[in-house]
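This briefing walks through one protein chain, topic by topic. Please keep the sequence and the 3D view open while reading, and look up each residue as it is mentioned.

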Amino acid sequence: MVTVPLCWGLDFSALFADPMRIIAAMILRSFQIAAIVLLLCGISEAQSGNVGMPDSIVIARNTFWDFGPPFDYYDLIQIKNDAQGLALDQVLVTPSGGSCMQPAIVEERAVILHKTMADVLQGRNPCSIPEKELHRELRRCKKCLSNSGVNVTMQVSCGGTDRKLRMDILDRDIYDRRTQTPANTSWTMSLLSHLNDALGPGSEDKPIFNMGPAEHHEVPDTALVREVGYGKFDQLFGLQAGVSQIVHEAGQAPLPPPSVAIESVTPVVPISPKIPVYPPIAQLANVEGLVNVRFDITSEGNVQNLVVLDGPKMLERAVADSVSTWTFPQSAWGGKGQAAIRFNLNCMARPSK
């Protein structure tokens with residue numbers, strides 16, 4: 001009796017009826033198995049250290065802090081062999097801070113290092129790092145809370161096979177010297193520190209709150225920035241991060257600046273009235289609206305006995321400080337006055353390009 005293993009998934013009723021079809025199916029399955037074996041062998045060879053140093057590496061880094069907004073910062077570092085050494089190209093993507101004062105920003109830095117790939121990698125080939133070691137390090141603190149840290153994904157070509165190495169840095173690795181940081185994570189921290197020294201400061205040097213007026217930054221029109229914007233590296237950061245969408249947002253037309261305007265004054269318009277300054281803290285808190293005040297006009301045309309009738313509390317002081325300096329023409333002397341001043345963030349509707 002002829003037996004055929006069930007794993008081949010053959011139709012026994014047709015075994016003798018259509019032998020050519022059966023042979024073709026067996027050949028196809030053989031090719032599939034051979035491809036899987038070759039892939040596994042390639043990965044095994046890469047991890048065994050039998051491949052040379054990679055010619056290029058891409059590092060996707062998500063740095064997150066427990067203060068903000070923004071709470072997350074993203075950057076992509078591309079390392080390539082160059083005729084003069086190593087070409088480092090970094091794209092930094094900062095999400096919007098959730099207010100009109102902090103729009104999304106995309107920056108780029110590029111430098112040439114007169115070093116080899118082995119120098120930058122400190123003599124270590126990432127292709128030789130076993131996958132099981134990476135999994136073990138990622139699971140080392142599965143139930144621990146980490147309010148700050150760095151999620152790192154490194155993409156490297158190892159013997160013709162692309163590998164993605166995930167090595168996350170916990171807040172205790174950064175702040176607590178007593179922490180026994182695993183070898184691969186420690187090497188990643190050292191590598192990133194070396195790259196930071198070459199490329200410039202990262203998110204840790206950005207201000208927690210931007211208390212100045214919003215500045216529009218043009219998105220650099222380079223090949224790597226376009227690739228980030230097209231979503232080529234979204235999977236390295238994690239699709240939920242939406243890095244390509246942040247790049248798109250940063251490329252939109254700038255928002256108009258916040259405005260302050262005198263909406264009405266009675267009984268007459270003051271002489272060269274001082275316009276209130278929009279408090280930065282109110283902008284950061286997305287506070288806008290109308291402030292109404294009442295006051296007396298002295299016999300010299302000055303303002304006294306000012307009372308705020310209504311309006312957002314965070315805007316009252318700015319209005320009082322400004323209106324108190326107003327002077328009125330002689331026709332209003334000795335009378336009473338009222339004013340309404342409008343504060344507008346102007347960030348609800350975005351102008352078209």
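Contact, in what follows, means that heavy atoms lie within 4.5 Å. The model shown here is predicted.

**Nonpolar cores**

- The largest nonpolar core has 26 residues, and those that touch the most other members are Ile57, Ile59, Ile79, Met154, Leu191 and Leu195.
- At least two residues of this core come from each of β1 (56–64), β2 (72–82), β3, α2, β5 and α5.
- Which residues does Leu191 touch, leaving aside its neighbours within four places in sequence? Leu191 is in contact with Ile59, Val120, Leu121, Gln122 and Met154, and of these partners Ile59 and Met154 are themselves listed among the core residues that touch the most other members.
- Another core, of 20 residues, lies apart from the largest one, and among its members are Val265, Val303, Trp326 and Ile341.

**The disulfide**

- The structure holds 1 disulfide, and it is formed by Cys127 and Cys158, whose sulfur atoms are 2.1 Å apart.
- A disulfide is a covalent bond between the sulfur atoms of two cysteines.
- Where in the chain do Cys127 and Cys158 lie? Cys127 is in the loop between α2 (117–120) and α3 (131–138), whereas Cys158 is in strand β5 (residues 149–158), so the pair ties together parts that are 31 residues apart in sequence.
- The link of Cys127 and Cys158 is left-handed, with -85 degrees about the S-S bond, and both Cys127 and Cys158 are buried.

**Salt bridges**

- The structure holds 11 salt bridges, and three of them are described here.
- Side chains of opposite charge can pair when their charged atoms come close.
- Glu263 forms a salt bridge with Arg342, and the closest N and O atoms of this pair are 3.1 Å apart. The pair links distant parts of the chain, with Glu263 in strand β8 and Arg342 in strand β11, 79 residues apart.
- Glu263 is partly exposed, with a relative accessible area of 46%, and Arg342 also counts as partly exposed, at 33% relative accessibility.
- Lys313 forms a salt bridge with Glu316, where the closest N and O atoms are 3.5 Å apart, and both residues lie in helix α10, 3 residues apart, which is about one turn of the helix.
- Asp221 and Arg226 meet through their side chains in a salt bridge (2.7 Å, N to O); Asp221 is exposed, with a relative accessible area of 63%, and Arg226 is partly exposed, at 34%.

**Two single residues**

- Gln90 is placed in strand β3 (residues 85–94) and counts as buried, because its relative accessible area is 2%.
- The side chain of Gln90 makes a polar contact with the side chain of Asp75, at 3.0 Å, and the residues that Gln90 touches beyond four places in sequence include Arg61, Leu76, Ile77, Glu107 and Leu199.
- His216 lies in the loop between α5 (183–199) and α6 (223–229) and is partly exposed, with a relative accessible area of 36%.
- Not counting residues up to four places away in sequence, His216 touches Ala250, Gln252 and Pro254. The C-alpha atoms of His216 and Gln252 are separated by 9.8 Å, although these two residues are 36 residues apart along the chain.

Conventions
Residues numbered from 1 in each chain as written. Predicted model: local features only at pLDDT ≥ 70, side-chain atom pairs only at ≥ 80, totals over all residues. Heavy atoms only, no water. Helix = DSSP H or I, 4+ residues; strand = E, 2+ residues; numbered from the N terminus. Buried < 20%, exposed > 50% of the residue type's maximum accessible area, 1.4 Å probe, protein only. Polar contact = N/O pair within 3.5 Å; in protein donor to acceptor, adjacent residues only side chain to side chain. Disulfide = S-S within 2.5 Å. Salt bridge = Lys/Arg side-chain N within 4 Å of Asp/Glu carboxyl O. Core = buried A, V, L, I, M, F, W, Y, C linked by side-chain atoms within 4.5 Å.
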